There are 2 protein chains.
Amino acid sequence: MTTQSHLLKNSQTEISLPLLQQLDSQDPLAAKRDAFVLPENTVYLDGNSLGAMPKLAAERAQQVLTQQWSQDLIKSWNRHHWIDLPVTVGEKISHLVGAASGQLICCDSTSVNLFKVLSSAMLMQPGRKQVLSQAGNFPTDLYMVQGLASLLGEQRCQLKLVDESENDELLEQSLSEEVAVLLLTQVDFRSGRLLNMQRLTELAHAKGILVIWDLAHSAGALAIELDACNVDFAVGCGYKYLNGGPGAPAFVYVAARHQSAVSQPLSGWMGHSSPFSFDKNYQKAPGISQFLTGTPAILSMSVLDAALDVFADVDMAQLRQKSLQLSSYFHQLLLQHPGLNELTLLTPVEPAERGSQLAYQHPNAYALCQALIEHGVVADFRAPDILRLGFAPLYLRFTDIWQAVTTLAKLVETGEYLKPQYAVKNKVT
Amino acid sequence: MTTQSHLLKNSQTEISLPLLQQLDSQDPLAAKRDAFVLPENTVYLDGNSLGAMPKLAAERAQQVLTQQWSQDLIKSWNRHHWIDLPVTVGEKISHLVGAASGQLICCDSTSVNLFKVLSSAMLMQPGRKQVLSQAGNFPTDLYMVQGLASLLGEQRCQLKLVDESENDELLEQSLSEEVAVLLLTQVDFRSGRLLNMQRLTELAHAKGILVIWDLAHSAGALAIELDACNVDFAVGCGYKYLNGGPGAPAFVYVAARHQSAVSQPLSGWMGHSSPFSFDKNYQKAPGISQFLTGTPAILSMSVLDAALDVFADVDMAQLRQKSLQLSSYFHQLLLQHPGLNELTLLTPVEPAERGSQLAYQHPNAYALCQALIEHGVVADFRAPDILRLGFAPLYLRFTDIWQAVTTLAKLVETGEYLKPQYAVKNKVT
């Protein structure tokens, strides 16, 4: 892990409010903020957990309710193209993750989609049983492997974990011909560390390993190149940087080269080559649609579909640049407050090694997070002692960073965050 | 199958418009129609495919969008009890299906939930490999067994099908000690035939077989007694008679007696005993929550939650009575039109043997269905030659039956339905 002596880029410049105001005035993405409904007097640094609501999303929900469902009822499947939504939404996400058409579809939750690609990949690797991942991977990724192992038995599926570290040496050393599948999350949910997708995929392939990337904390936050990196499978989340609403459907990517050989066990009727023939034998759809299972969640998926239109004219390189700037300035500003020296940065400082969030260790991170929220700066807490701040470039302003760090400094310097009310635990933390 | 010479109950009475008007005026459920938004000049006989929109559902969606998601953002998980929704909704459904508290939860799609309970049940039956079902079961039920078999191999999981018939003799004869799981849909999606849950469950148990009931076409349409029938597992659909909106989340029931021994392989983070500890080892939640997988679809689940409030004061025996009356009168009225004698009823006439729909075979059922829809009577078609009519007692009037049959008779008698525009196939039929 890094220490505070490693400054982020541009660390020579003193960060001032006028500088941040100037950055806002020059920001090519500044107008995007108006595409969202945001609460007053709030700096929202939790878009990596639940994205803000696009105005288009709310409008679409209204249409689905008042025009489609209530008025056209069952006819809407054809008239309003409900039946095409998994593909329509999938294609919009494809553009954000470097996937050519026909390889990505919207459906189910990230966890369920993980099970589909994990099972598919294991069935393609009959002589191997290991699924290699990192001990700090998002728990659901590890749990889905454990679930598959409980079903298949230890002789067909075993989870092997390597510990996190500042570099990928341990991980790379573990890539052996005993490994069937390498399962990684591109951006670590705790530390915000960004893995090298290109290099790790290439190294894995050299050993005959299939690779699954979880894009939960990267899709919509940075430019991803699934096809160029020769990725085999990927899954991702609709409700973080894609702003699809709470519990929005997830997505699954399967490289075209695998689609004819692959077979996934959650073979529901929507993945059939001819769902409305009601044939008693499953015959998988020829393309990515074979990864559908049950009836799509139309209301939620329509909202995600509309939310994605916010990205239609966004240059992902520009978005990435703003994301890195926001987090850089946040950290530099934090370093300008000597009172905040108990906050230890866990996120790598190198731009190539971090996603769109910062994570700080602090002995009283929970209370600090609650106090921040109470004072209009929404961050989140990850057990046991991490304060996590997400930077969603579509709706955050540079001046929000000033507001956030100033609030944080005041809470710490006055001791306000030590008041007992901030220690009360919520169900969801 | 039955023939038209078997009349439904009360067949002696001539069905007239005044009689139906009188029934409406005496209907204890008549006021419920006002709880829904319905299109003008339409008789909607497809509530068994997609339920109509309750006003409460639209209001709740608005709240979730404009107050919760957009304003309270991530705080809504605690403040608006999003985290409790799977249980809250599950408990409301429990009341409709005869399940005591703590055994039913809302999540995912019916297909995905089927996979969970199928796998769970198979893991509880290590010496047996057969899953017994009916050849005419809804395809997704059969496909999920085929998917599990593809993963586990033929030596651990095999689908065995018996053909449909007028009685359950064949099915009952097939209940042997080689069968691990009996998987049945309570009401057949094509014919509308209702199986005897109590008897079949008891016979299966006598042979050591675990039983899974799919309630897709029965939950919300008739009184179900899961606990009293000693059912092991059940799944069901949120968007048919429960009116939860297109692709609403589904539900899963696991009898309390199995909850400590059972293990389900879609072990996502929401099913963990302590999801926010982010432990790397899966430890299942102690109760029904272990059947959760990924993050719940909050918008869709909130809408379903509100939709279920329409049932809060409904007497299910009264609802069932109205449902049977609606279908009885429909069929009797149809028999009063000699021009409709090409329509052959596939649904059993005995009330104890039918759900809340009627199915008619007709050589040109597709065109007939399209013409009906075009003339304001929404029915649906099931390949190859079935016209299917669903009777949702919460929003259908007895006079709607008059309107529907009169329209049908006119379309047939005039030959209108033979016009070429009604032969054009839609994607979803």
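Two residues are in contact if their C-beta atoms, placed from the backbone, lie within 7 Å. This is a predicted model, in which local features need pLDDT of at least 70, side-chain atom pairs count only at pLDDT 80 or more, and totals for chains, interfaces and linings use all residues. Residues are numbered from 1 along each chain as its sequence is written, while chains are lettered from A and ligands numbered from 1 in the order in which they are written.

**Figure 1. The fold of chain A.**
Chain A holds 12 helices and 15 strands. Helices (H or I, at least four residues) and strands (E, at least two) are DSSP runs, numbered from the N terminus. The radius of gyration of chain A is 22 Å, close to the 22 Å that the globule rule gives for 429 residues, so chain A is as compact as a globular protein of that length. That radius is taken over C-alpha atoms, and the rule is 2.2 Å times the number of residues to the power 0.38. Along the principal axes, the C-alpha atoms of chain A fill a box of roughly 70 × 55 × 40 Å. Of its 429 residues, 58% count as buried. Buried means that 20 or more other C-beta atoms lie within 10 Å of the residue's own; exposed means 12 or fewer, and partly exposed is in between, with C-beta atoms placed from the backbone. Among contacts in chain A with a separation of 6 or more, 73% join residues 24 or more positions apart.

**Figure 2. Two domains in chain A.**
The assignment gives domain 1 (17–53 + 315–423) and domain 2 (81–311) of chain A. Such bounds come from an automatic or database domain assignment. The C-alpha centres of the two domains of chain A lie 29 Å apart. Across the boundary, 26 residues of domain 1 of chain A are in contact with 19 residues of domain 2 of chain A. On the domain 1 side, helix H10 (316–335) and strand S12 (357–361) of chain A each supply at least two residues. H10(A) gives the most, with four residues. By class, this side of domain 1 of chain A has 12 nonpolar, nine polar and five charged residues. Ala, Val, Leu, Ile, Met, Phe, Trp, Tyr, Cys and Pro count as nonpolar, Asp, Glu, Lys and Arg as charged, and the others, Gly among them, as polar.

**Figure 3. The interface between chains A and B.**
Here 74 residues of chain A are in contact with 74 residues of chain B. The elements of chain A that give two or more residues to this side include helix H2 (55–72), helix H5 (110–123), helix H9 (298–308) and strand S14 (380–382). H6(A) provides the largest share, 10 residues. The chain A side divides into 40 nonpolar, 26 polar and eight charged residues.

**Figure 4. Symmetry of the two copies.**
A rotation of 180° with 0.0 Å of shift along its axis superposes chain A on chain B, with an RMSD of 0.0 Å. The two copies are thus related as by a two-fold rotation axis. The same surface serves both copies, as 100% of the contact residues of chain A recur in chain B. Superposition is by least squares on the C-alpha atoms of residues with pLDDT of at least 70 in both copies.

**Figure 5**
Five of the five residues of strand S15 (residues 386–390) of chain A are buried, so S15(A) is largely enclosed by the rest of the structure. Ile386(A), Arg388(A) and Gly390(A) point one way from S15(A), and Leu387(A) and Leu389(A) the other way. Two strands pair if DSSP finds at least two bridges between them. S12(A) and S15(A) run antiparallel, joined by five bridges. Leu358(A) stands opposite Leu389(A) in S15(A). S14(A) also runs antiparallel to S15(A), with three bridges. There, Phe381(A) has Leu387(A) as its bridge partner.

S14(A) and S15(A) form a hairpin with three residues between them. Pro384(A) is found in this loop. The peptide bond from Ala383(A) to Pro384(A) is cis, with omega near 0°. In chain B, the bond from Ala383(B) to Pro384(B) is cis too, with omega near 0°.

**Figure 5. Two loop residues with positive phi.**
Leu73(A) lies in the loop between H2 and H3 of chain A. Its phi is near 45°, a positive value in a residue other than glycine. Leu73(A) is buried, with 23 other C-beta atoms within 10 Å. Asn230(B) lies in the loop between strand S8 (210–214) and strand S9 (233–236) of chain B. Phi of Asn230(B) is near 65°, again positive in a residue other than glycine. Asn230(B) is partly exposed, with 16 other C-beta atoms within 10 Å.
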